[in-house]
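Let's take a friendly walk through this protein, from the whole fold down to a single side chain. Have the structure open beside you as you read.

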Amino acid sequence: MDHNQLLEKYHSSAISFVEEGKKISAQNLNLSKDGEWSAAFVIHHIADAEIQFGVRYANALAEENPTIVPFDEEKFPTGLQYDKRNVATSLQSLAASHAMNYEILKNASAADWERISTHPQRGPVTLLQLVTLSANHIEGHIDQLKNAAI
């Protein structure tokens, strides 16, 4: 998949995620089944991940071979108090962060997509690989979001 196709997947996945999040009724947002995260937690997680990935994109574009700081998604719900956060705010944050990241990535040159960052576990990764991870991450959580709200 070339970077233009990937960018469209990244963008459409985020838009779909926000649309699905807005469909969930207030009474279903905090329901969880089988030990899975509630829809609210999934929404907060994707909003937080978009910010984390945005920092990775910015560093990849502006720095020479930056080191990626991983985040532990299991620590975020407690550390960032998902149980006290507002879902509408997280959806708005996701939409705004994504719009900014999308604009930045749309302006990236072909050479920029090959810029390298270093992940402590994965080793060298290109901007293309980072955006692929993010697009797949968002896409993977759309079904989880739908299933959490059933």
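## Contacts and overall fold

In this predicted model, 78% of the contacts with a separation of 6 or more are between residues 24 or more positions apart. The elements that make up the chain are five helices and two strands, and in sequence order they read α-α-α-α-β-β-α.

What about the overall dimensions? The C-alpha trace spans about 45 × 30 × 25 Å along the principal axes. A compact globule of 150 residues would have a radius of gyration near 15 Å, and the protein has 16 Å, so the two agree.

Here are a few whole-protein values to keep at hand.

| Property | Value |
|---|---|
| Buried share of the 150 residues | 43% |
| Accessible surface | about 8,000 Å² |
| Carbon and sulfur share of that surface | 51% |
| Distance between the mean positions of positive and negative charges | 4 Å |

Now let's zoom in on one residue. Ser134 sits in helix H5, which covers residues 127-148. Is Ser134 buried or exposed? Its relative accessibility is 1%, and because buried means under 20%, Ser134 counts as buried.

Which residues does Ser134 touch, apart from its neighbours within four places in sequence? Its contacts are Tyr10, Glu50, Phe53 and Tyr57. If you select Ser134 in your viewer, those four partners are the ones to display with it.

Notes: Residues are numbered from 1 along each chain as its sequence is written. This is a predicted model: local features need pLDDT of at least 70, side-chain atom pairs count only at pLDDT 80 or more; totals for chains, interfaces and linings use all residues. Side-chain values use heavy atoms; hydrogens and water are left out. Helices (H or I, at least four residues) and strands (E, at least two) are DSSP runs, numbered from the N terminus. The radius of gyration is taken over C-alpha atoms; the globule rule is 2.2 Å times the number of residues to the power 0.38. Buried means under 20% relative accessible area, exposed over 50%, partly exposed in between (1.4 Å probe, protein chains only). Contact means heavy atoms within 4.5 Å. Accessible areas come from the Shrake-Rupley method with a 1.4 Å probe; for residues, only the protein chains shown count as cover. Lys and Arg count as positive and Asp and Glu as negative; His and the chain ends are not counted. The place of a charge is taken as NZ of Lys, CZ of Arg, CG of Asp or CD of Glu.
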